[in-house]
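Work through the exercises below with the model open beside you. Try each task before you read its solution.

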Amino acid sequence: MGARSKIFPSFAEAVRDIPDGATIGFGGFAVVGMPINLYGAVAAQGAKGLTCVSNSTRGGATLPADAPDMGQMIQNGQVKKVVCAFTAPTRASQRLILSEYVAKGLIEAELTPQGTLAERMRAAGAGIPAFYTPAAVGTELAEGRETRVFNGREYLLELALPLDYAMIRAHQADAAGNLRFRRSQRNFNPIMAMAARVTIVEVEEDILPVGAIDPDDVHTAGVFVHRLVKIPPPPAGWWPQRPGSVAR
Amino acid sequence: MSERRTGSERAKGLSRQQMCDRLAMEFGDGWIVNLGIGIPTLCSNCNFGDREIIFHSENGVIGYGPLAPAGEEDLHLVNAGGQHVTLRPGAAIVHHADSFALIRSGRIDVTVLGAYEVAENGDFANWKMAGQQGGGIGGAMDLAACAKHVFVAMEHQTRNGAPRLVERCAIPATARGVVNLVVTNFGLFEITKAGMALKEIAPGVTVDEVKATTGCNLIIPREVPPVRMAR
């Protein structure tokens with residue numbers, strides 16, 4: 001490795017340079033692989049006018065009750081726009097912080113089918129400006145937008161979604177930034193890492209020496225990763241909790 | 001299988017598990033099956049006998065098994081509904097773009113989804129409640145547009161008694177003309193070129209009751225067989 005280490009001593013150091021108006025992707029799906037600590041760090045850092053990209057704006061049953069999530073950033077007034085596959089509650093009984101802000105016109109919510117959301121970032125990370133997909137054809141989401149027929153089937157044009165920053169969580173990392181995810185923790189995380197100019201990773205296990213991960217076993221190559229922070233054990237670091245267990 | 005009902009289930013006709021047991025009879029050997037959030041997740045409890053079924057979850061889990069017993073959950077492993085599942089031998093994990101590549105390229109044999117409304121022409125709506133701002137699409141639009149078969153499992157009527165099987169969807173559609181088969185607590189319905197057909201009827205429910213609670217014309221055979229039950 002060269003002179004500049006990717007290992008940062010704290011989450012605050014790792015997010016210090018995020019400017020107002022940045023577009024930030026937050027990985028994770030149903031709390032698994034969700035960068036809980038980086039949500040907290042961005043909320044504390046205070047950048048405003050942010051466009052936040054993630055599957056949804058809320059955690060789930062395994063997120064400790066007082067843990068940071070996008071809802072906290074929204075309440076802080078940091079968020080200008082969200083791009084998500086869920087922008088409203090999925091049950092009548094559910095409450096979503098985002099909904100109140102959207103209703104008041106304070107936040108723009110761009111609703112995107114989940115596969116389209118993933119592919120828009122994959123395209124950005126692969127140098128592809130746009131693509132066609134059959135998802136959402138014939139729906140309200142496609143109204144007034146460009147479609148095209150290929151082989152007798154109608155497709156909707158979707159634009160790539162590049163990120164300024166990706167905030168992700170991984171199970172293992174070596175000091176070169178090579179990452180491994182565990183089980184369904186992978187989800188959006190490798191895609192966001194490739195779509196972003198700067199990728200910041202909260203790492204569950206102790207950061208390994210360069211070369212400790214076999215090259216064949218790397219899920220995200222270190223060239224896509226810029227900053228690593230080891231998650232401290234609780235209560236200093238945020239970890240998902242067992243379903244049914246009480247908040248820490 | 002189970003006739004047990006959870007608190008939110010309707011009292012009449014099939015239990016939610018019986019609804020899913022009936023749809024699961026249609027799964028072919030070797031099929032890749034994707035289950036939506038809610039009632040459809042009960043399809044993973046079904047007994048498939050000799051048939052090998054590969055359950056796919058949109059978050060990149062291919063080949064998951066039953067729910068993990070309480071206390072033995074792997075906090076790194078959930079299905080689309082955020083439930084802690086187990087992995088079957090031969091399971092594989094991919095990232096979200098590959099997971100939806102599997103969906104978009106037509107490799108999912110069937111997706112079973114919940115819905116608010118299904119229209120007689122195969123349109124259905126499941127992402128936006130009436131009067132709601134925004135919505136919750138998740139993977140439903142990708143799945144509905146691209147799976148080889150789209151099955152719907154839902155209660156026959158809303159809580160207020162309004163029909164869910166309708167001529168045209170009143171709320172925004174998830175996809176057009178894609179639904180093949182619908183199971184409700186009142187019976188099994190097939191979307192055909194000629195319209196919606198009542199194929200099988202739930203025990204304790206009459207054809208007149210089905211007609212009175214359905215918002216579109218039904219093609220009804222002279223003799224409607226009872227819903228086939230899992231052994």
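**Exercise 1: a sheet in chain B**

Chain B holds an open sheet of three strands in the order S7-S6-S9, with mixed pairing. This is a predicted model, in which local features need pLDDT of at least 70, side-chain atom pairs count only at pLDDT 80 or more, and totals for chains, interfaces and linings use all residues. Residues are numbered from 1 along each chain as its sequence is written, while chains are lettered from A and ligands numbered from 1 in the order in which they are written.

Solution. 
- Step 1. Strands (E, at least two residues) and helices (H or I, at least four) are DSSP runs, numbered from the N terminus. Two strands pair if DSSP finds at least two bridges between them.
- Step 2. Check one pairing. S6(B), residues 117–119, is joined to S7(B) by two bridges, and the two run antiparallel. Glu117(B) has Ala125(B) as its bridge partner in S7(B).

**Exercise 2: S2 of chain B**

Task: How do S1(B) and S2(B) run, parallel or antiparallel? How do S2(B) and S3(B) run, parallel or antiparallel?

Solution. 
- Step 1. Take S1 (residues 32–35) and S2 (residues 54–57) of chain B. Three bridges join them, and they run parallel. Val33(B) stands opposite Phe55(B).
- Step 2. Take S2(B) and S3(B), residues 61–67. Two bridges join them, and they run antiparallel. His56(B) faces Ile62(B) in S3(B).
- Step 3. Look at the hairpin of S2(B) and S3(B). Three residues lie between the strands, and Gly60(B) takes a positive phi near 100 degrees.

**Exercise 3: helix H5 of chain A**

Task: How many residues of H5(A) are buried?

Solution. 
- Step 1. Set the cut-off. A residue is buried if 20 or more other C-beta atoms, placed from the backbone, lie within 10 Å of its own; it is exposed if 12 or fewer do, and partly exposed in between.
- Step 2. Count. Buried residues are 12 of the 12, so H5(A) is largely enclosed by the rest of the structure. Among them are Glu119(A), Arg120(A) and Arg122(A).
- Step 3. Check the length. From first C-alpha to last, H5(A) reaches 17 Å, close to the 16 Å expected. The expected span is 1.5 Å times one less than the number of residues.
- Step 4. Just after H5(A), Gly127(A) has a positive phi of about 75 degrees.

**Exercise 4: the contact of the chains**

Task: Which element gives the largest share of the side of chain A that touches chain B?

Solution. 
- Step 1. Define contact: C-beta atoms, placed from the backbone, within 7 Å.
- Step 2. Count both sides. Chain A gives 44 residues and chain B gives 37 residues.
- Step 3. List the elements of chain A that give two or more residues. They are H4 (97–103), S4 (108–111), H5 (114–125) and H6 (189–195).
- Step 4. Pick the largest share. It comes from H5(A), with six residues.
- Step 5. Sort the residues of chain A on this side: 23 nonpolar, 14 polar and seven charged. Here Ala, Val, Leu, Ile, Met, Phe, Trp, Tyr, Cys and Pro count as nonpolar, Asp, Glu, Lys and Arg as charged, and the others, Gly among them, as polar.

Methods: Two residues are in contact if their C-beta atoms, placed from the backbone, lie within 7 Å.
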